[in-house]
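Open the model in your viewer and follow the selections below in order. Each stop says what to select and what is there.

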Amino acid sequence: MHNDDFFMRRAIALSKSAVAHGNEPFGAVLVKDGEIVFENENQIYTRHDPSFHGEAGLIREFCAQTGITDLHEYTMYASCEPCFMCSGALVWVKLGRLVYGASNDDLETILGNKGCNCSALVFENSFWHPQVTPGVLRQESLQVLENYFASHKKG
């Protein structure tokens with residue numbers, strides 16, 4: 001069985017792939033029973049869809065392709081803490097566990113803004129509360145974000 005670092009490395013690799021494909025540096029991996037069952041990278045520019053974030057896009061595609069809409073037995077690995085929109089989507093599919101690298105505070109600091117813990121705010125005020133493990137391979141995730149946003153604007 002793989003550990004959190006293994007799956008987070010894949011999410012970070014997808015964030016780099018997103019950049020190579022002309023998108024922002026965010027990736028997500030969905031795992032069940034120690035195996036990757038689906039993955040996605042941010043595609044907001046290539047799909048011309050500002051809501052096609054790594055996490056929301058993964059949920060949209062996975063649910064459409066499998067017909068599975070209850071993810072309480074799944075873990076999602078996200079290279080960066082999911083935004084409010086993606087965190088809301090994780091509530092609606094009843095994700096069992098979320099693991100992320102860099103936090104929204106980290107991202108907003110890079111962007112010169114004040115951040116917050118988006119996922120905690122959404123989960124605390126919702127009917128569903130996934131287990132959350134923050135900061136896995138945080139430095140590696142931060143490096144990808146810093147490299148990208150040093151020369152690109154957000155959105």
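Select residues 54-66 for H2 and 84-92 for H3; they pack at an angle of about 35°, with axes 8 Å apart. Axes are lines fitted to C-alpha atoms, for helices over the stretch in contact, and angles run from 0 to 180 degrees between N-to-C directions. This is a predicted model, in which local features need pLDDT of at least 70 and side-chain atom pairs count only at pLDDT 80 or more, while totals for chains, interfaces and linings use all residues. Residues are numbered from 1 along each chain as its sequence is written, and side-chain values use heavy atoms, with hydrogens and water left out.

Next, show the side chains at this crossing. Glu-55, Ala-56 and Ile-59 of H2 are in contact (heavy atoms within 4.5 Å) with the H3 group of Met-85, Cys-86, Ala-89 and Leu-90.

Now move to the largest nonpolar core, a set of 20 residues. Such a core consists of buried Ala, Val, Leu, Ile, Met, Phe, Trp, Tyr and Cys residues joined through side-chain atoms within 4.5 Å; buried means under 20% relative accessible area, with a 1.4 Å probe and protein chains only. Select Leu-30, Leu-58, Ile-59, Phe-62, Met-76, Leu-95 and Leu-98, which have the most contacts inside this core. H2 gives the most to the core, with four residues.

Centre on Leu-58. Leaving out residues up to four places away in sequence, Leu-58 touches Ala-28, Val-29, Leu-30, Phe-38, Glu-39, Asn-40, His-53 and Met-76. A second, separate core of twelve residues includes Met-8, Ala-11, Val-29 and Val-31.

Then display the strands. Five of them form an open sheet in the order E2-E1-E3-E4-E5, with mixed pairing; strands pair if DSSP finds at least two bridges between them. The edge strands are E2 (35-41) and E5 (131-133), each pairing on one side only.

Where do E3 and E4 meet? Five bridges join these parallel strands: Met-76 has Leu-98 of E4 as its bridge partner, and Ala-78 stands opposite Tyr-100 in E4. Finish on E4, where six of six residues are buried.

Conventions: Helix = DSSP H or I, 4+ residues; strand = E, 2+ residues; numbered from the N terminus. Buried < 20%, exposed > 50% of the residue type's maximum accessible area, 1.4 Å probe, protein only.
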